[in-house]
Amino acid sequence: ELKLGRVLGRGGFCTVSEITSLNLEPNSPLDIAVKNMQAADEEEDEFGELRYDSHGLIQDRQFLARRCLRKGKHARYAIKTLSDECLTDPERFVGGIIDLATESRFLSVVRHANIIKMRAFADGDLFDSRFFVVLDRLYDTLTLKISKWKKASSKFSGMGKMLDMKGKKKSKVWIERLLCVYDLSTALEYLHSNK
């Protein structure tokens, strides 16, 4: 049901690819439980999740399918699976499954606006080689942001000062940096408060 786009990254155990579309099978057994619930309000909360009723938040497959693309063209979600190398090496396979299971366990209970969200995971055995986790797709990493900020800062030195006499562009870059630091610190504070 998932159509994958380009590979976004590779780690020690896993490969992350963007999800370009969700083509849901009609009358899937995975949808029956959600259909049996009374959908009172279909509204998103501050974490971008769907609120059905007072019993909590449920994010169904249709919700993910409707929101798969951001502004109609950019993939909103990514899928994390075991790499091909892990699938062929039994020792790495065990390490990869443990790593993926641990990550999904932590992400299933973490709810903060500045921490990536797990949206779904494979229905079935955790130790199956086809186990996967669906996450929000990242568009920038801190490393990329720092690189962009360095390039922007270099524009405001030397002759670049002439183009920004009042320093508004330089201030904008500093404000963006401070907001990023604030977002990171609130996420770390949240994680520390939850031990």
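Student: How many bridges join strand 1 to strand 2?
Tutor: This is a predicted model. In it, strand 1 and strand 2 form a hairpin, with three residues between them. The two strands run antiparallel, and the bridges joining them number six.

Student: Which residue in strand 2 is the bridge partner of Val7?
Tutor: Strand 1 covers residues 2-10. Strand 2 covers residues 14-22. The bridge partner of Val7 in strand 2 is Ser17.

Student: What is the order of the strands in the open sheet?
Tutor: The open sheet has five strands. Their pairing is antiparallel. The order is 1-2-8-10-9.

Student: Why is one side of strand 1 and of strand 9 left without a neighbour in the sheet?
Tutor: Look at where strand 1 (2-10) and strand 9 (118-121) stand.

Student: Which residue in strand 10 is the bridge partner of Ala120?
Tutor: Strand 10 spans residues 132-136 and runs antiparallel to strand 9. Three bridges join the two strands. In strand 10, Ala120 has as its bridge partner Val134.

Student: At about what angle does helix 4 run to strand 8?
Tutor: Helix 4 takes in residues 90-109. It lies across strand 2, strand 8, strand 9 and strand 10. Its angle to strand 8 (77-82) is about 145°.

Student: How far does helix 7 reach from its first C-alpha to its last?
Tutor: Helix 7 runs over residues 168-193, which is 26 residues. At 1.5 Å a residue, 38 Å is expected. The span in the model is close to that, at 37 Å.

Student: Which helix is included in what covers the buried residues of helix 7?
Tutor: The buried residues of helix 7 are Val173, Arg177, Cys180, Thr186 and Ala187. Their cover includes residues 142-155, which make up helix 5.

Student: Over the face of which residue does Arg177 lie?
Tutor: Arg177 is one of the buried residues of helix 7. It lies 4.7 Å from a ring centre. That ring belongs to Trp174.

Student: How far is the charged end of Arg137 from the centre of the ring of Tyr139?
Tutor: The charged end of Arg137 sits over the ring of Tyr139. Its distance from the ring centre is 4.3 Å.

Terms used: Residues are numbered from 1 along each chain as its sequence is written. This is a predicted model: local features need pLDDT of at least 70, side-chain atom pairs count only at pLDDT 80 or more; totals for chains, interfaces and linings use all residues. Side-chain values use heavy atoms; hydrogens and water are left out. Two strands pair if DSSP finds at least two bridges between them. Helices (H or I, at least four residues) and strands (E, at least two) are DSSP runs, numbered from the N terminus. Contact means heavy atoms within 4.5 Å. Axes are lines fitted to C-alpha atoms, for helices over the stretch in contact, and angles run from 0 to 180 degrees between N-to-C directions. The expected span of a helix is 1.5 Å times one less than its number of residues. Buried means under 20% relative accessible area, exposed over 50%, partly exposed in between (1.4 Å probe, protein chains only). A charge sits over a ring if NZ of Lys or CZ of Arg is within 6 Å of the ring centre and within 35 degrees of the ring normal.
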